Amino acid sequence: MASDLEKKAKEACIDDHFELAVDLYSQAIDLNPNSAQLFADRAQANIKLNNFTEAIADSNRAIELDPSMAKAYFRKGTACIKLEEYHTAKAALQAGASLAPGDSRFTNLIKECDECIAEENGTLPGPSAEKAPKNSATAVPANNAPSFNSLPSSVLNVASSKPKIRHEFYQKPDEVVVTIFAKGIPAENVSVDYGEQILSVTIDVPGEERYSFQPRLFGKIVPSKCRYEMLSTKIEIRLAKAEPISWTSLEFSKGNIVPQRINVSSATHRPAYPSSKPKAVDWDKLEAEVKKEEKEERLDGDAGLNKFFQDIFIGADEDTRRAMCKSFVESNGTVLSTNWKEVGAKKVEGRPPDGMEMKKWEF
């Protein structure tokens with residue numbers, strides 16, 4: 001039955017009915033999920049439909065099932081070039097070229113990748129770009145090492161097909177944090193990998209279909225600086241931004257607004273106080289002005305006299321302060337002296353104002 005579906009799918013591709021071909025290949029894969037050939041052929045149909053992330057996922061699954069299949073690497077490289085993932089494309093093409101050294105298609109696409117990378121970096125490609133290396137370390141992925149080539153295939157919509165697993169994201173100036181909510185998933189059942197502008201998350205859910213989330217990201221990231229952490233209820237993935245720009249969404253689309261660069265200042269700023277006024281208030285400046293006004297304020301009568309003595313006391317040395325305190329207390333508030341030599345040698349007697357007399361109160 002799977003072979004009949006595969007035959008019909010190939011006929012649909014010949015007739016340029018690529019949507020039908022993808023549907024037929026999908027039915028064949030349901031019957032034979034371990035066929036690398038079916039995944040590689042469906043990747044080609046997805047490329048024709050411009051479904052490049054799905055094509056990469058199918059290519060990755062084909063490579064996982066058969067690491068020696070050169071055309072799976074070729075189709076992955078082709079899809080990555082369409083997504084401007086030139087470094088990832090070059091790595092896949094070099095791996096395929098080592099498996100099919102006589103195929104000039106690999107050499108031509110590798111050269112195209114080098115030219116695009118050089119254009120991005122503002123440099124010219126070196127002479128070594130003309131020839132793909134025969135012994136590439138990425139030719140066959142290691143069994144136990146995490147590799148972008150070993151990612152599973154299907155790309156599912158989180159919201160529609162797996163309501164139990166959903167994702168959210170928020171961003172900082174230098175990173176984007178993606179949270180995938182999945183409870184009780186063992187760490188060995190989770191695979192997370194990164195491309196220049198692709199995030200790939202695969203979760204083997206016990207008793208259910210394999211969950212895969214592989215969006216083309218809004219902006220480019222630095223794969224070597226990305227990391228993820230397994231928690232009891234979620235998977236927290238931290239994507240290091242290649243540029244400090246604001247992402248208007250997690251996934252790339254042609255209709256996205258041009259991102260604005262985030263200004264990250266190294267200087268430490270004091271927190272601004274909340275205000276209902278539309279115009280911001282410089283509270284530090286206002287405080288300084290109030291203090292200046294208080295200092296320059298001229299008071300009349302007793303208030304002015306008291307302020308005068310307070311200023312003397314604040315700016316005085318220790319002996320002057322002692323003299324002022326002792327004279328004021330011992331004279332019952334009628335004498336205020338600043339001469340400690342005079343005040344310290346004897347008790348200060350009270351001196352009532354003219355027309356008044358001192359009285360002692362007995363209790």
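Me: Why is C116 called buried?

Reply: This is a predicted model. In it, C116 has a relative accessibility of 17%. Buried means under 20% relative accessible area, so C116 counts as buried.

Me: Is C113 buried or exposed, and what value decides this?

Reply: The relative accessible area of C113 is 0%. Because the cut-off for buried is under 20%, C113 is buried.

Me: How do you know that C113 is in no disulfide?

Reply: A disulfide is a covalent bond between the sulfur atoms of two cysteines. The search of the whole structure finds zero disulfides. For C113, the nearest cysteine sulfur is that of C116, 6.7 Å away. A disulfide requires sulfur atoms within 2.5 Å, so C113 is in no disulfide. For C116, in turn, the nearest cysteine sulfur is that of C113, and C116 is likewise in no disulfide.

Me: What makes α6 roughly antiparallel to α7?

Reply: Helix α6 spans residues 86–99 and helix α7 spans residues 104–121; they pack at an angle of about 155°, with their axes 9 Å apart. Angles over 145 degrees count as roughly antiparallel, and therefore α6 is described as roughly antiparallel to α7. The crossing of α6 past α7 is left-handed.

Me: Why is α3 called roughly parallel to α5?

Reply: The axes of α3 (residues 36–48) and α5 (residues 70–82) cross at roughly 25° and come within 10 Å. Since angles under 35 degrees count as roughly parallel, α3 is roughly parallel to α5. Here too, α3 passes α5 in a left-handed crossing.

Me: Which residues make the contact of α3 with α5, and how do they divide by class?

Reply: From α3 come Q37, A40, D41, Q44 and I47, and from α5 come K71, R75, T78 and A79. These residues divide into three nonpolar, three polar and three charged.

Me: How many helices and strands does the chain have, and what share of its residues counts as buried?

Reply: There are twelve helices and seven strands in the chain. Of its 363 residues, 38% count as buried.

Note on methods:
Residues are numbered from 1 along each chain as its sequence is written. This is a predicted model: local features need pLDDT of at least 70, side-chain atom pairs count only at pLDDT 80 or more; totals for chains, interfaces and linings use all residues. Side-chain values use heavy atoms; hydrogens and water are left out. Axes are lines fitted to C-alpha atoms, for helices over the stretch in contact, and angles run from 0 to 180 degrees between N-to-C directions. Helices (H or I, at least four residues) and strands (E, at least two) are DSSP runs, numbered from the N terminus. Angles under 35 degrees count as roughly parallel, over 145 as roughly antiparallel, 65 to 115 as roughly perpendicular and the rest as oblique. A crossing is left-handed if the near helix is turned anticlockwise from the far one by less than a right angle, and right-handed if clockwise. Buried means under 20% relative accessible area, exposed over 50%, partly exposed in between (1.4 Å probe, protein chains only). Contact means heavy atoms within 4.5 Å. Ala, Val, Leu, Ile, Met, Phe, Trp, Tyr, Cys and Pro count as nonpolar, Asp, Glu, Lys and Arg as charged, and the others, Gly among them, as polar.
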